Amino acid sequence: MTFADTRTPALEFNNASFTYGGPPVLTGVTGTLYPGEALALIGPNGSGKTTLLCGILRTVTVTGTMKILGGPVTKVRKGAIGYVPQVADLDPTFPVTVRQVVEMGLYGEVGWLGRITGERRKRVDQALDRVDMLGRAGRRFGDLSGGQKQRVAIARALAANPSIILLDEPFAALDALVRERFNEELRRLHEKTGRTTVLVTHSIREAALLADRVAVLRGGQLVEVL
């Protein structure tokens, strides 16, 4: 006897296609990801991995069915999805501290001119602590190493207390030793927070270490889920 999973899916696709306004870049995406699960997207360049993340972020057009946290994408709360790009997307010459960078993750809630006080400041501290950067909160962001900047980028995504975290090759700019250590840290972080995670990677080993399931993309199609 089998039992249906009664949890509300974190992400749900049914024959979804993704387009930047022209022909679809990625088609035929069908599948369900539940709370706490980690999914790795692997495939060659141009296969649609980043495009799928952009669809979840609603920066490209999606046709077919895509539900986020059990409902339509228009009903998703601000901060429900955290995003970590390939490299830290902040000018290293910009004079901001580590804490100020992480506080940017809360601007969707408070606005660009809003103050970070009380419970939100506590969330910033917790996010920094989870990536072992609380002791460097007052440091200038541009003075950090590549690995430290990626830790801060993850903390920024965590600060809004997201239900889903998207990581687009977050280790691509790191050397092999730092990347290996960062993989272990991210795996422990996922186990500790229990958030749904979608990771883009070219590394099968990385996918096996960090994800519960692996989706293979090729030629603009999702061809297999392992």
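Predicted model: local features only at pLDDT ≥ 70, side-chain atom pairs only at ≥ 80, totals over all residues.
1. Contact in this note means heavy atoms within 4.5 Å. Helices (H or I, at least four residues) and strands (E, at least two) are DSSP runs, numbered from the N terminus. With these terms, Q148 lies in helix α5 and touches M133 and R136, when residues up to four places away in sequence are not counted. Q148 counts as buried because its relative accessibility is 17%; buried means under 20% relative accessible area, exposed over 50%, and partly exposed in between (1.4 Å probe, protein chains only).

2. Residues are numbered from 1 along each chain as its sequence is written, and side-chain values use heavy atoms, with hydrogens and water left out.

3. On overall architecture, the chain holds seven helices and nine strands. Its radius of gyration is 18 Å, close to the 17 Å that the globule rule gives for 226 residues, so the chain is as compact as a globular protein of that length. The radius is taken over C-alpha atoms, and the rule is 2.2 Å times the number of residues to the power 0.38. Along the principal axes, the C-alpha atoms fill a box of roughly 50 × 45 × 40 Å. Of the 226 residues, 47% are buried. Among contacts between residues at least 6 apart in sequence, 72% join residues at least 24 apart.

4. The axes of α4 (residues 118-130) and α5 (residues 146-159) come within 8 Å and cross at roughly 140 degrees. That angle makes α4 oblique to α5. Angles under 35 degrees count as roughly parallel, over 145 as roughly antiparallel, 65 to 115 as roughly perpendicular and the rest as oblique. The axes are lines fitted to C-alpha atoms, for helices over the stretch in contact, and angles run from 0 to 180 degrees between N-to-C directions.

5. The crossing of α4 past α5 is right-handed; a crossing is left-handed if the near helix is turned anticlockwise from the far one by less than a right angle, and right-handed if clockwise. From α4, the contact is made by R123, A127, L128 and R130, and from α5 by A155, L158 and A159. By class, this contact has five nonpolar, no polar and two charged residues. Here Ala, Val, Leu, Ile, Met, Phe, Trp, Tyr, Cys and Pro count as nonpolar, Asp, Glu, Lys and Arg as charged, and the others, Gly among them, as polar.

6. Helix α1 (residues 49-56) is largely enclosed by the rest of the structure, because seven of its eight residues are buried. The buried residues of α1 are K49, T51, L52, L53, C54, G55 and I56. R58 follows α1 and has a positive phi, near 65 degrees.

7. Most residues other than glycine have a negative phi. N15, in strand β1 (residues 11-19), has a positive phi near 50 degrees. L69, in the loop between β4 (61-68) and β5 (81-84), has a positive phi near 55 degrees. L69 counts as partly exposed because its relative accessibility is 35%.

8. G36 lies in the loop between β2 (26-33) and β3 (38-42) and counts as partly exposed at 26% relative accessibility. G36 touches H190, G194, R195, T196 and D212, not counting residues up to four places away in sequence. G36 and V214 are 178 residues apart in sequence and 15 Å apart in space, C-alpha to C-alpha. R213, in strand β8 (residues 213-218), is partly exposed at 23% relative accessibility. Leaving aside neighbours within four places in sequence, the contacts of R213 include T32, L33, E37, A38, L39 and A40, as well as V225 and L226.

9. F94 is set in the loop between β5 and α2 (98-103). With a relative accessible area of 44%, F94 is partly exposed. F94 and S17 are 77 residues apart in sequence and 38 Å apart in space, C-alpha to C-alpha.
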